[in-house]
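Reader: I would like to go through this model term by term. Please set each value against its definition before drawing a conclusion.

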Amino acid sequence: MSYAGDLTPQQAWDKLAAESDAVLVDCRTQAEWSYVGVPDVSGLGKRTVFVEWVDFPHGRLNERFVDQLRAAGVADQTPVLFLCRSGHRSIGAAEAATAAGIGQAYNILEGFEGALDVDGHRGGAGWRADGLPWRQS
C-alpha cells in the first residue's frame, strides 16, 4: 500500500473527532458536491476541504491537486482523509498526497455513496448510508 491506509466511514468520523488536526478532503467533482450532497463535519468544529481529483466535465486529472491541498492548509504532518463517491478516486488522491510528502493520507472505503448495487444504484453503502452527517450544498 502506498498510502497510510483505508478507513471505513465510521472510522474516518472517529479519527476526525479524536484528532484535532485531522482533515476531511472531499475529492469528488463540483457536480457531485452540488447535486449529490457533501459530508458535514461542522459538528466536530471542522470544515470539509473540497479539491477535485479529476475535473468535471472532462474527467481529466487535476494537475494542481497537491498545490490546492497545500493552499487549503494541508501540511506534511496533517492527517488527511480522502473521500470520493465509492472509494476508488480517493485511493489515487491518497497516493498522490503521500508521494508529495503528506505522511498520513488515508482512503475512506465505500466513499460517500458506495458502489453500484445489483440494480445499478448507489447509496446502499458509504458515508451517507452509514448515517454520518451530510447536507445538500
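Author: Thr-29 touches Glu-52, Val-54, Phe-56 and Arg-89, leaving out residues up to four places away in sequence. Contact here means heavy atoms within 4.5 Å. This is a predicted model, in which local features need pLDDT of at least 70 and side-chain atom pairs count only at pLDDT 80 or more, while totals for chains, interfaces and linings use all residues. Residues are numbered from 1 along each chain as its sequence is written, and side-chain values use heavy atoms, with hydrogens and water left out.

Reader: Why is Thr-29 called buried?

Author: Buried means under 20% relative accessible area, exposed means over 50%, and partly exposed lies in between (1.4 Å probe, protein chains only). Thr-29 has 7% relative accessibility, so it counts as buried. Its place is the loop between strand S2 (23-26) and helix H2 (30-35). Helices (H or I, at least four residues) and strands (E, at least two) are DSSP runs, numbered from the N terminus.

Reader: What makes Val-25 buried?

Author: The relative accessible area of Val-25 is 0%, so the residue is buried. Val-25 is found in strand S2. Apart from neighbours within four places in sequence, Val-25 is in contact with Val-49, Val-51, Leu-69, Val-80, Leu-81, Phe-82 and Leu-83. Val-25 and Asn-107 are 82 residues apart along the chain, and their C-alpha atoms are separated by 10.0 Å.

Reader: How do you know which way the buried residues of H1 point?

Author: In helix H1 (residues 9-18), the buried residues are Pro-9, Ala-12, Trp-13, Lys-15 and Leu-16. Seen down the helix axis, they fall within an arc of 165°, so they line one face of H1. The arc is that of the directions from the helix axis to the C-beta atoms. An α-helix has 3.6 residues a turn, so residues three or four places apart point the same way. The cover over the buried residues of H1 includes strand S1 (5-7), S2, strand S5 (79-83) and strand S6 (104-108).

Reader: What covers the buried residues of H4?

Author: Those residues are Arg-89, Ser-90, Gly-92, Ala-93, Ala-94 and Ala-97. Their cover includes H2, H3, S5 and S6. After H4 comes Gly-101, with a positive phi near 105°.

Reader: Why is Gln-104 called partly exposed?

Author: Gln-104 has a relative accessible area of 29%, which places it in the partly exposed class. Gln-104 is found in strand S6 and touches Ala-4, Glu-19, Gln-77, Thr-78, Pro-79 and Val-80, not counting residues up to four places away in sequence. Gln-104 and Ala-94 are ten residues apart in sequence and 8.7 Å apart in space, C-alpha to C-alpha.

Reader: Which class does Arg-85 fall into, and how do you know?

Author: At 30% relative accessibility, Arg-85 counts as partly exposed. The residue lies in the loop between S5 and helix H4 (89-99). Beyond four places in sequence, Arg-85 touches Arg-28, Glu-32, Glu-110, Gly-111, Phe-112, Glu-113, Gly-114 and Arg-122. Arg-85 and Gly-103 are 18 residues apart in sequence and 23 Å apart in space, C-alpha to C-alpha.

Reader: What is the phi of Glu-110, and what is the geometry of the peptide bond from Phe-56 to Pro-57?

Author: Most residues other than glycine have a negative phi, and most peptide bonds are trans. Glu-110 is not a glycine, yet its phi is positive, about 70°. This residue lies in the loop between S6 and strand S7 (134-135) and, at 37% relative accessibility, counts as partly exposed. The bond from Phe-56 to Pro-57 is cis, with omega near 15°. Pro-57 is found in the loop between strand S4 (49-50) and helix H3 (65-71).

Reader: What makes the chain as compact as a globular protein of its length?

Author: The chain has four helices and seven strands, in the order β-α-β-α-β-β-α-β-α-β-β from the N terminus. Its radius of gyration is 14 Å, close to the 14 Å that the globule rule gives for 137 residues, so the chain is as compact as a globular protein of that length. The radius is taken over C-alpha atoms, and the rule is 2.2 Å times the number of residues to the power 0.38. Of the 137 residues, 46% count as buried.
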